[in-house]
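Welcome! Please open the structure and keep it beside you while you try the exercises below.

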Amino acid sequence: MADEYEVPELPTYIEIPDINEGIMDGEGPFKSSEEFQAPLGFPGEKVENWKEKAIDKMADLKSKYRSVQVFLDMCVKCGACTDKCHYFLGTSDPKNMPVARQDLFRSVYRRYFTFSGKYFPKLVGAKELDDEMLDDWYNYYHQCSQCRRCSVFCPYGIDTAEISMAAREVLDVVGVGQKYCNQILGKAVTVGNNLGLPEPALRDTLVDLEEEVEEDTGVPIKYPLDQKGSEILLVTPSADFFAEPHIDGLIGYGKVFHQDGVTWTLSSYASEAANFGMFIGSYDVMRKAALRIRKAALDLEVSRIIVGECGHAWRVAYSFWNTLSGVGSGASDEFALKLQNQLDSRYPQPQHIIEYTYNLIQEGKIEFDKSENDHRTVTFHDSCNVARATNMGGIPNGQFILPREVIKSVCNNYVDMERGTIMESTFCCGGGGGLLTDDLMEIRIKGAMPRMQALKEVEKSDGVDTLAAICAICKSQFTKVLPKFDFDPYMIVSVHQLVSDAIVLEKPEGSDSEVEESTEVTEE
């Protein structure tokens with residue numbers, strides 16, 4: 001990708017761009033090395049017999065995941081997906097049309113795994129797997145955020161994300177992995193979080209946070225770590241421990257738990273909800289990360305597991321934890337069964353923090369002063385993995401309803417963006433799927449254009465000045481790209497930051513604030 005590039009102008013309406021072939025050609029993101037590949041079981045560099053290994057891995061994926069073969073076989077080139085990808089809309093590169101990106105993998109599949117492709121390759125668009133093709137895979141499959149928006153509009157339901165995941169797994173197996181994802185995964189499976197933050201540093205961070213929150217509120221809110229016998233294990237993205245606006249969401253979680261009166265804890269062993277194993281398409285690596293959470297839950301003897309605000313973390317928890325680790329039913333090994341017996345079946349396992357807060361609101365267990373957010377006009381960004389791969393609350397469309405109901409419970413001024421850009425049709429933030437790295441800044445900015453266009457429209461029509469999200473990647477991405485489109489970078493907030501600002505906390509008896517209130521009443 002180019003070192004210098006233009007930020008797309010925001011149109012009044014999203015239109016299909018004129019084709020610019022090869023405009024996003026390049027070497028792709030920084031490649032991984034032995035240091036980051038080895039902990040995940042991948043070769044440190046491109047192996048000599050890479051072509052043979054790649055074809056063998058394709059055969060393995062084809063047999064292991066029936067959906068991959070189905071998606072590769074069933075496309076009829078109808079074109080319904082072509083203008084649905086934010087990266088194509090933002091770059092105009094035809095290889096960023098979902099069908100064209102799929103065809104990079106499909107053409108090789110046809111060459112080696114279909115009769116017509118073996119004997120009449122030109123007739124069916126079958127192509128050899130050579131160095132040029134492998135380079136195209138690496139470049140263009142890292143221009144897909146696996147958001148699945150194209151799948152919503154595909155009449156056959158072809159999931160481009162699965163094909164991107166398959167291609168990335170093949171790349172890793174032959175020693176051509178992405179540095180960003182694999183470096184993070186190495187930290188997650190060895191230290192316990194994406195930042196490589198050790199237990200002493202995490203503990204100090206939480207102690208400092210307790211002091212700051214008590215100084216701000218006058219209430220001793222606790223952010224406990226490794227508290228055995230707690231009712232709830234909170235697993236949240238590690239960004240919540242240090243970065244704005246993420247940490248304001250963590251503050252909100254603590255206030256909600258405090259008001260509910262439950263015991264809860266974080267784990268130093270599994271201090272990461274995110275699971276980049278999904279981004280690289282490796283079930284085995286994804287399971288390594290998930291098993292840390294299982295071990296933490298067993299060791300701390302919790303009865304509930306709650307997931308913080310992270311989009312793909314909730315997808316992994318909701319869709320994969322049951323077979324990855326036995327949270328819920330699915331896995332049947334000794335430790336999975338032990339965990340299933342330990343967790344309280346009266347509650348969803350796992351549960352999203354939005355579900356937890358929503359339930360407390362419905363039960364009248366927490367109160368808010370909505371005027372604390374009156375300086376804001378809020379809109380909500382539906383994060384892709386939550387919107388198109390999960391549910392909340394066990395009700396149809398709960399993943400769209402619950403976050404908005406929580407926001408409306410704490411804010412007086414709420415506006416939705418245009419219907420075709422939210423909910424199941426939501427546009428990606430532009431940085432998901434393992435693309436949240438500075439060496440992919442061009443594609444991140446161009447891919448953010450459709451979301452920024454919808455945001456600009458409600459800014460102009462309704463004065464929206466706050467963008468709320470429940471995904472760590474979305475928050476980080478928006479912090480970077482909002483200024484590129486003339487927005488305030490601080491307008492992006494966690495939903496639980498809004499909750500934190502409006503929640504009414506019970507002051508401890510004898511606190512200064514209570515004394516002041518008592519004095520005021522006496523004087524009156």
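This is a predicted model: local features need pLDDT of at least 70, side-chain atom pairs count only at pLDDT 80 or more; totals for chains, interfaces and linings use all residues.

**Exercise 1.** Find the order of the four strands in the open sheet, and work out which strands stand at its edges.

*Solution.* Start with the order, which reads S2-S1-S3-S4, with parallel pairing. As background, strands of a sheet pair through backbone hydrogen bonds, either parallel or antiparallel.

**Exercise 2.** Describe how S3 is joined to S4, then find the helix that lies across S1, S2 and S3.

*Solution.* Begin at S3, residues 304-307, which runs parallel to S4 and is joined to it by two bridges. Within this pair, valine 307 stands opposite histidine 352 of S4. Now turn to the helix: H13, residues 246-260, lies across S1 (232-235), S2 and S3. Its direction makes an angle of about 170 degrees with S1.

**Exercise 3.** Explore the largest pocket: how much space lies in it, and which helix gives the most to its lining?

*Solution.* First, the space comes to about 510 Å³. The pocket is lined by 25 residues, and those closest to its centre are Tyr180, Ala239, Phe242, Leu436 and Ser476. Then consider the helices: H11 (179-190) and H22 (472-481) each supply at least two lining residues. H22 gives the most, with five residues. Finally, sort the lining by class: 13 residues are nonpolar, six are polar and six are charged.

Methods. Residues are numbered from 1 along each chain as its sequence is written. Side-chain values use heavy atoms; hydrogens and water are left out. Two strands pair if DSSP finds at least two bridges between them. Contact means heavy atoms within 4.5 Å. Axes are lines fitted to C-alpha atoms, for helices over the stretch in contact, and angles run from 0 to 180 degrees between N-to-C directions. On a 1 Å grid over the protein atoms alone, a cavity is a set of points where a 1.4 Å probe fits but cannot get out, and a pocket is an open set with protein on both sides within 12 Å along at least five of seven lines; lining residues have an atom within 4 Å of a point. Grid points are joined across faces, edges and corners, and a volume is the space filled by probe spheres set on the points. Ala, Val, Leu, Ile, Met, Phe, Trp, Tyr, Cys and Pro count as nonpolar, Asp, Glu, Lys and Arg as charged, and the others, Gly among them, as polar.
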